[in-house]
Amino acid sequence: MLALIPALPLAAVAVNLILGDRLGRRGTAFLACGAVFASFVLAALSVIHLASLPPGARTMVADVYTWMRVGDFKVDVAFLLDPLSSVMVLVVTGVGFLIHLYSVGYMAHDASFRRFFLYLNLFMFAMLTLVLAKNFLVMFVGWEGVGLCSYLLIGFWMDRPSAARAGMKAFVVNRIGDFGFLLGMLTLFAWTGSLDYERVFAAAPIVFHPGTLAITFATLALLLGATGKSAQIPLYTWLPDAMEGPTPVSALIHAATMVTAGVYMVARCHILFTMAPFSLETVAVIGAATALFAATIGVAQNDIKRVLAYSTVSQLGYMFFACGVGAFGAGIFHLMTHAFFKALLFLGAGSVIHALSGEQDMRKMGGLASRLPWTHGVMLVACVAIAGIPPFAGFFSKDEILSAAFASGHYGVWVAGLLGAVLTAFYMFRLYFLTFRGSSRLTHEAEHHLHESPAVMVAPLVVLAALSVVGGFVGLPFQEGGRRLTTLEGGAALERWLAPVFGEGGAAGASHAVPHLSFTTEWALIAVSVAAAAFGIAMASRAYAKAAGEPIAEKAPRLYGLLEHKYWIDELYDTIAVRPIRALGDVLWRFWDEKIVDGTVNGVAYVVEWASAVLRVFQTGFVGTYALFLTLGVAALIAHYLVR
Amino acid sequence: MMHDIPLAWMLALSATVFVIGVVGVLVRRNALVIFMSIELMLNAGNLAFVAFSRALGSLDGQVFVFFVMTVAAAEVAVGLAIIVNVFRLKETIYVDEINLLKG
Amino acid sequence: MMPFTMPSLIAVDWWALGAVIALSVGAMLLLVLEFVPAPPASNRGAFVTLLALLAAAGSVLEVRDARRSLFDGMFLHDGFTVFFTVLFCVIGAVAVLQSWDYVKRTRINHGEYYALLLSSTLGMVLMAASNDLITIFLGLELMSLALYVLVGFRRTRLDSSEAAMKYFLLGAFASGFLLYGIALLYGATGTTNLAKVAMFLADSPMIGNPMLIVGGLLLLVGFGFKVAAVPFHMWTPDAYEGAPTTVTGYMSAGAKAAGFAALLRVLLVAFPPLMSEWRPILSWIAALTMTVGNVTALLQTNVKRMLAYSSIAHAGYLLVAVVAGGLDGGSAALFYLAVYSFMNLGAFGVLALLGRGAEERVTIKDLAGLGFRSPMLGLAMTVFMLSLGGVPPTSGFMGKVYLFSVAVKAGLIPLVIVGVLNSVVSVFYYLRVTVAMYMQEPGAEPVEIAWAPSAAIAVVITLALTLWWGVQAQDLLTTAQRSILGLL
């Protein structure tokens with residue numbers, strides 16, 4: 001049954017290919033969504049079955065066939081469902097289905113409707129293969145598969161040169177990541193003699209000594225793979241460019257599912273990472289740096305999708321540093337809640353873009369709240385959720401991550417995360433105010449075509465909004481009557497569920513036990529993080545709600561009474577906080593992103609191309625040259641022997 | 001029977017011929033002359049075979065020479081045909097004037 | 001004088017020799033048939049060739065489990081021989097299917113084409129089956145001479161003739177080194193038989209004999225030339241670009257496999273005692289070959305030439321397997337060779353379909369929009385490119401994974417890093433082809449697609465094998481392992 005979960009979307013791909021245009025639009029949509037929905041149902045049934053097993057025995061395995069066997073080295077095409085992959089598979093199929101549904105409306109007028117769903121289903125197959133794999137090789141198949149589909153979908157509108165370029169960039173960067181993955185995989189194989197998760201993880205403590213070069217190398221190589229896929233420093237620049245793809249693709253692949261593969265992989269290999277403290281520390285630092293850094297750049301963006309893209313990079317950073325401080329469960333928790341609200345944000349943004357006939361610049365929006373009531377409502381929910389206001393989903397997961405960072409003594413990481421949280425709230429509400437509040441800055445034409453999206457698009461939005469509200473509750477400690485709100489106490493539902501994978505220490509991981517925080521500290525931390533979010537929102541409302549000349553500008557100060565004062569405070573505020581942040585974001589974006597990071601990528605490409613050109617010069621086309629090189633080769637061989 | 005010629009001398013001769021062949025390939029421009037130089041290399045090999053065959057007292061080397069001569073003859077047939085064909089199309093067999101394919 | 005005795009052959013031996021007999025008879029028959037007039041659109045040559053190839057493959061498969069040493073140990077019939085004979089015959093058969101229509105379209109439909117194809121297949125079989133340097137040399141020359149002519153088969157085109165001339169001159173040059181190497185080895189060991197060389201080396205204090213080492217190195221040059229290893233590779237792009245496309249496909253698969261067959265047999269049978277000598281050298285050559293091949297391929301605009309460089313790079317990967325050596329390395333090499341042969345044949349097969357008449361349309365620009373104009377062809381080419389680049393779930397991926405994991409196991413970590421890095425780089429230029437097919441509009445004069453049933457069959461066969469071995473690698477892997485066992 002497990003194998004059917006990825007197989008169904010693949011079957012839909014095959015049917016789509018074979019029947020071709022005979023399917024018609026309706027048929028195509030029905031086939032694509034139906035296959036994913038069936039996968040979701042199967043996944044849900046499987047997880048229910050899994051839950052009925054005793055906690056220690058919660059694994060389901062499906063061996064399909066032997067892929068290759070050499071002596072005692074054996075690789076099967078096999079799938080594994082355990083608590084960790086169950087969370088992933090539910091998120092992927094669930095959110096995936098909603099996005100498929102949404103796409104039916106979003107892509108309704110696109111000429112390449114069928115091709116779109118072909119790629120989308122292919123992506124689902126690859127992604128499900130990735131999360132359900134039972135060994136590294138099958139995972140790698142999914143890993144490469146999602147990369148390929150992502151590439152195809154970024155470049156979906158191939159007549160736009162920018163789309164083609166963005167696709168190429170995503171591909172280049174992902175190849176660097178894949179190099180790391182392959183290298184890590186081969187290293188693990190060399191030491192443990194297997195690629196099967198169970199055998200690798202069982203053998204690792206025996207063959208590796210914690211902290212040795214071998215395990216550090218293997219985990220760092222895997223980390224390189226993860227940073228490529230999950231758009232972390234230094235391999236993140238492809239993700240903002242990836243927004244060239246259709247918006248549902250951004251929601252599915254570049255927010256909710258594929259980009260989380262890196263986090264999933266790190267969590268999956270948590271045994272290896274905890275054995276390599278240096279690598280784990282690197283994960284934490286990279287994650288925290290990315291979280292803060294990308295949030296800063298997000299502030300300076302005017303394209304609604306690029307704001308969300310940098311926000312995704314930043315939120316992925318949170319997941320990474322959760323893993324880095326040993327709170328793998330918290331990372332997966334945030335992965336899940338993020339999938340809900342970020343998919344919602346993208347789809348909502350898509351709905352806005354759809355309504356405005358393709359406009360993505362927030363400076364040309366404004367005042368849409370009354371015109372797009374449904375979209376506005378769900379977007380507000382999503383913004384609150386990502387900002388981390390209780391009791392919305394993002395609050396629980398983000399707070400858990402920050403507490404874990406604090407508890408494990410990573411104060412620097414904690415501060416970075418907190419600052420990131422302020423910025424997150426700030427740029428999200430900047431987006432919200434610019435888009436939905438204030439006066440309309442729409443072009444006349446856009447105004448004319450303005451319309452709320454059809455039901456097939458709104459329905460998924462509402463479901464996702466509901467999930468963004470309640471999704472965090474699985475992080476609540478249901479045990480002991482819900483009296484103690486200490487998220488690290490191991491009582492939370494999700495943590496208990498994941499415990500068989502990450503060890504009895506709950507989110508903290510068995511060998512990396514995080515000291516428990518006292519009741520007071522815990523509450524203090526919660527207060528601080530909520531305050532951070534509120535502060536960010538207040539700043540945004542100061543800077544943007546008023547500028548846009550909306551009544552909210554007068555209401556907002558009362559809402560966030562902290563800042564209610566005379567006009568000059570606004571001005572001062574603008575000068576000391578908002579402008580510097582925006583300027584910083586701008587500089588980082590224009591200088592660091594475009595010059596340093598892109599420059600390095602381009603530089604490497606340039607050097608390789610230069611080498612290629614040089615090598616071509618030697619290929620003169622003259623027999624004499626060729627004979628000369630051949631002879632020099634012979635001479636070198638003999639000289640090598642003589643001087644040795 | 002020339003028992004007085006040591007193996008080393010014959011090998012030295014063969015090596016000299018071989019090197020002349022290699023140098024010929026490298027410095028000459030005419031495809032035919034290059035080809036003749038290659039034949040020199042093959043014959044240097046033959047010389048070595050015969051020398052070793054005598055020194056080792058085994059006939060294998062001598063037999064090998066016959067094979068090589070056959071191969072060389074076949075090579076001449078093929079090679080001349082190819083060179084003639086190039087001459088027909090390009091009216092030159094100087095290898096430094098023929099580099100349509102490169103890069 | 002020894003008394004003259006007829007070699008006594010039993011039934012098994014006849015089956016074992018069946019391949020050689022069928023191929024030679026087929027080649028000669030084709031030459032004789034040329035005296036019987038036939039219309040220009042005749043399929044006679046292709047039929048006879050296919051029959052000969054099928055007979056050859058069937059014959060060795062009939063006695064695939066036997067192990068025989070024939071002609072005083074010069075010709076070995078073992079798993080290795082069977083593997084390569086069948087591989088060469090299938091490569092040949094696919095090449096015939098691809099050529100079927102191509103030769104008529106480009107007006108080179110002469111009986112000699114197929115006769116030469118069979119002769120060179122015969123040469124390849126001899127190279128793989130020989131256990132003696134003399135017969136290896138003969139096989140190599142037979143294969144090469146036939147290929148020289150095939151490369152120049154489009155006699156009226158300067159590029160074809162130029163390619164033939166370069167290939168010929170450099171090939172003969174390399175043969176000179178090879179021959180001299182054999183001579184030195186003969187002088188050092190007193191034999192040309194590989195098994196006897198091994199025995200000689202096993203209990204000899206002569207391991208450090210310079211004649212032996214230099215002889216071995218020159219041997220390496222000869223084989224390195226055939227498999228297109230850096231720095232003996234420079235003929236490859238020119239010869240591949242100039243040759244008729246079907247011939248390019250055939251030689252990129254067959255000649256390379258044959259070169260590796262000979263190299264493997266020589267290194268694994270005769271020279272294990274000298275492992276410490278050749279291992280570092282081959283490692284360097286492998287690293288250089290991968291890198292130079294891939295890097296130079298990056299900027300190519302002619303797909304045929306790009307694939308030529310790619311084939312150089314693949315020789316590099318294969319050399320990594322050879323360096324790893326032993327059962328694992330050997331079987332990885334065999335596995336990779338089989339996989340590589342068909343994905344490469346497939347790619348050239350697709351290229352051979354492009355263009356009208358004798359014109360050749362194989363630049364990246366010519367491929368623009370192909371994916372929409374001919375979805376099947378586009379899909380096939382995409383799969384071949386992905387496979388060459390080592391992307392799952394294709395056979396090329398399995399080949400690379402197995403090859404690199406074997407190398408890691410053998411402790412060749414630096415070589416593996418270079419290899420993986422290279423395979424990462426390589427995807428760029430393979431993907432350029434795909435991008436052109438799917439993401440660019442065709443130019444003013446879209447390339448014509450010359451479909452023919454036989455060529456379609458060839459595409460389907462190569463596509464099926466490329467996908468099948470990616471999804472189910474076990475059978476081929478087991479076969480490769482069984483085949484290499486006989487050598488060790």
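The following legends describe close-up views of a predicted model. Residues are numbered from 1 along each chain as its sequence is written, and chains are lettered from A in the order in which they are written. In this predicted model, local features need pLDDT of at least 70, side-chain atom pairs count only at pLDDT 80 or more, and totals for chains, interfaces and linings use all residues, while side-chain values use heavy atoms, with hydrogens and water left out.

**View 1. Contact between chain A and chain C.** Chain A contributes 48 residues and chain C 69 residues to the contact (contact: heavy atoms within 4.5 Å). About 5400 Å² is buried between the two chains, and carbon and sulfur atoms give 78% of this area (buried area: the accessible area, with a 1.4 Å probe, that two parts lose on being put together, summed over both). L630(A), L637(A) and Y641(A) supply 12% of the area that chain A buries against chain C, more than any other three residues. There are 11 residue pairs in polar contact between chain A and chain C, both residues being at pLDDT 80 or more (polar contact: a pair of N or O atoms within 3.5 Å; within protein, one must be able to donate a hydrogen and the other to accept it, and residues adjacent in sequence count only if both atoms are side-chain atoms). The count of salt bridges between chain A and chain C is 0 (salt bridge: a side-chain nitrogen of Lys or Arg within 4 Å of a carboxyl oxygen of Asp or Glu).

**View 2. The side of chain A that touches chain C.** At least two residues each come from strand 1 (60-70), helix 5 (136-154), helix 6 (161-192), helix 24 (567-618) and helix 25 (623-643) of chain A (helices, H or I of at least four residues, and strands, E of at least two, are DSSP runs numbered from the N terminus). Helix 25 of chain A gives the most to this side, with 12 residues. By class, this side of chain A has 34 nonpolar, 8 polar and 6 charged residues (Ala, Val, Leu, Ile, Met, Phe, Trp, Tyr, Cys and Pro count as nonpolar, Asp, Glu, Lys and Arg as charged, and the others, Gly among them, as polar).

**View 3. Salt bridge R29(B)–E97(B).** The closest N and O atoms of R29(B) and E97(B) are 3.9 Å apart. R29(B) lies in the loop between helix 1 (7-27) and helix 2 (31-56) of chain B, and E97(B) lies in the segment after helix 3 (60-90) of chain B, 68 residues apart. R29(B) is partly exposed, at 38% relative accessible area, and E97(B) is partly exposed at 39% (buried: under 20% relative accessible area; exposed: over 50%; partly exposed: in between; 1.4 Å probe, protein chains only).

**View 4. Salt bridge D78(C)–R265(C).** The N to O distance in this salt bridge is 3.2 Å. D78(C) is in the loop between strand 2 (75-77) and helix 3 (79-105) of chain C, whereas R265(C) is in helix 10 (residues 245-270) of chain C, 187 residues apart. Both D78(C) and R265(C) are buried.

View 5. The side chains of K166(C) and D238(C) meet at 2.9 Å, N to O. K166(C) belongs to helix 6 (residues 158-189) of chain C and D238(C) to helix 9 (residues 235-242) of chain C, so the pair ties together parts 72 residues apart in sequence. K166(C) is buried at 1% relative accessibility, and D238(C) is buried at 0%. Salt bridges that share partners join E162(C), K166(C), D238(C), E241(C) and R305(C) into one network.
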